[in-house]
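Okay, thanks for coming, everyone. Let me put the model up and then walk you through it.

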Amino acid sequence: MKVPFSKVTCAGNELKYVTEVLESGWLTTAGKTLSFENKFAEKVNVRYACAVNSCTAALHLGIEALGVQSGDKVFVPDMTFTASAEIVRYMGADPVFLDVEYGTSLITPEILKKAIAEHPDVKYLVVVHYGGQSAEMLNTSGTGIMDICRKEGIKVLEDAAHAFPAKLGGRMVGSWGDVTCFSFYANKTITTGEGGMLTTNDEMIYNRVKIMRLHGINRDVWDRFTSDKPSWEYDVVAPGFKYNMPDVNAAIGLAQLEEADRFRDERQVVAERYLEKLSDLEMVDLPVSKVLPGDHAWHLFPVVLNEKSLISRNDFIQRMADRGIGTSVHYKPMHRLSYYRDNYQLDPLNFPVAEKIWKGTVSLPIFPSMSKEEQNYVIDEVRKILYP
Ligand SMILES: *Cc1c(COP(=O)(O)O)cnc(C)c1O
């Protein structure tokens with residue numbers, strides 16, 4: 001048997017909507033993108049959604065709209081994909097990396113409070129909802145990450161690349177922060193091949209993002225081809241970027257969006273089974289979920305081979321591959337990547353939790369169409385490898 005690490009489910013209206021685009025005679029940003037934005041905003045329950053060609057583009061537009069300047073400092077979790085930090089460098093600003101919590105790989109209000117005490121000059125925060133679980137942005141005692149940031153005047157950029165559809169206390173991720181960015185990359189919870197979405201309730205941020213998404217032109221492409229004004233006439237108000245989402249991709253996104261809740265439910269079934277069937281393994285630390293069962297997007301199922309494990313993470317991955325099972329690692333922490341390590345003189349001793357996670361972490365296959373047989377195979381082989 002072969003079990004891939006992840007697999008896209010594309011069995012809904014994807015073909016129908018893409019065909020509509022191909023037959024329309026206009027393949028880039030137009031009605032399908034607009035419709036995708038509107039439906040996404042409705043789903044997340046937010047005022048504005050802006051479709052772009054990647055989550056990295058959304059993060060770049062978001063951090064630009066928040067007003068980050070060259071020389072500013074920005075808190076970024078150590079345990080994330082490099083995109084969360086590179087966008088800080090795009091602005092000429094500098095990341096200040098935060099160690100994360102064991103079990104969730106998230107930053108917590110406590111971690112943030114300690115970081116603020118050490119770095120009172122930092123006025124921006126990138127939050128990563130690692131694996132599909134929302135960080136503790138809000139809580140009933142008013143001491144969540146958002147509460148702290150509002151009090152301290154820190155602006156928040158949410159990297160929700162893993163977290164659609166995810167909630168916290170029943171509220172959708174993307175509906176409460178300053179700016180939230182989602183990814184529709186090929187292996188994310190819903191996909192457009194490549195793509196991303198930025199959501200915000202702030203009209204000023206939205207207006208800035210819309211202009212910067214398309215060369216700093218003060219009118220949308222779609223607008224150029226639908227309004228009564230001559231289509232050649234436009235003004236440029238800033239040196240913007242080329243980040244718009246083509247309609248071909250938006251068509252796939254619209255179809256994926258229709259299935260998003262079902263995909264999430266199916267991933268949750270897989271996650272709950274792993275949690276049940278692997279809970280007795282002393283060598284393995286399972287991911288900790290602190291949100292309500294229906295609130296987790298379960299993009300990843302990362303386990304950590306702990307100090308009791310007799311085999312290394314790398315050997316484990318090789319043996320899983322020998323048995324036809326795909327796995328991955330999320331992530332090599334930022335402080336170990338040479339660019340950041342060397343330019344910021346990062347010392348592993350300052351990131352003890354991320355170090356511990358990194359040494360043993362491996363993500364098991366999880367995807368919506370994963371069969372019970374496939375999952376049983378993974379579970380059995382994990383046991384055989386760890387307890388020969
Ligand atoms: C995938 C990912 C991104 C980047 O998404 P793209 O759509 O590929 O640009 C950013 N942050 C995290 C945490 C990711 O996993």
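I'll go through the domains, then the contacts between them, then a sheet and a salt bridge.

Quick housekeeping: this is a predicted model, so local features need pLDDT of at least 70 and side-chain atom pairs count only at pLDDT 80 or more, while totals for chains, interfaces and linings use all residues. Numbering runs from 1 along each chain as its sequence is written, and side-chain values use heavy atoms, with hydrogens and water left out.

So, the protein chain splits into domain 1, 14-259, and domain 2, 261-386; those bounds come from an automatic or database domain assignment. Their C-alpha centres are 26 Å apart.

How many residues of each domain are in contact with the other? On the domain 1 side we have 42, and on the domain 2 side 38, where contact means heavy atoms within 4.5 Å. About 3,400 Å² is buried between the two, with carbon and sulfur atoms giving 56% of that. Buried area here is the accessible area, with a 1.4 Å probe, that two parts lose on being put together, summed over both.

Now the polar side of things. Between the domains there are 26 residue pairs in polar contact, both residues at pLDDT 80 or more. A polar contact is a pair of N or O atoms within 3.5 Å; within protein, one must be able to donate a hydrogen and the other to accept it, and residues adjacent in sequence count only if both atoms are side-chain atoms. Looking at the side of domain 1 that touches domain 2, the elements giving two or more residues are helix H4 (83-90), strand S3 (94-98), strand S6 (167-168) and helix H9 (247-277). Helices (H or I, at least four residues) and strands (E, at least two) are DSSP runs, numbered from the N terminus. S3 gives the most, with four residues.

Next, a sheet: three strands, open, in the order S10-S11-S12, with antiparallel pairing. Strands pair if DSSP finds at least two bridges between them. S10 (284-285) and S12 (361-364) are the edges, each with a single partner strand, so one side of each has no neighbour in the sheet. Val 284 sits opposite Leu 305 in S11.

Last, salt bridges, meaning a side-chain nitrogen of Lys or Arg within 4 Å of a carboxyl oxygen of Asp or Glu. Take Glu 37 and Arg 213, with their closest N and O atoms 2.8 Å apart. Glu 37 is in helix H2 (residues 31-44) and Arg 213 in the loop between helix H7 (203-212) and helix H8 (221-226), so the pair ties together parts 176 residues apart in sequence.
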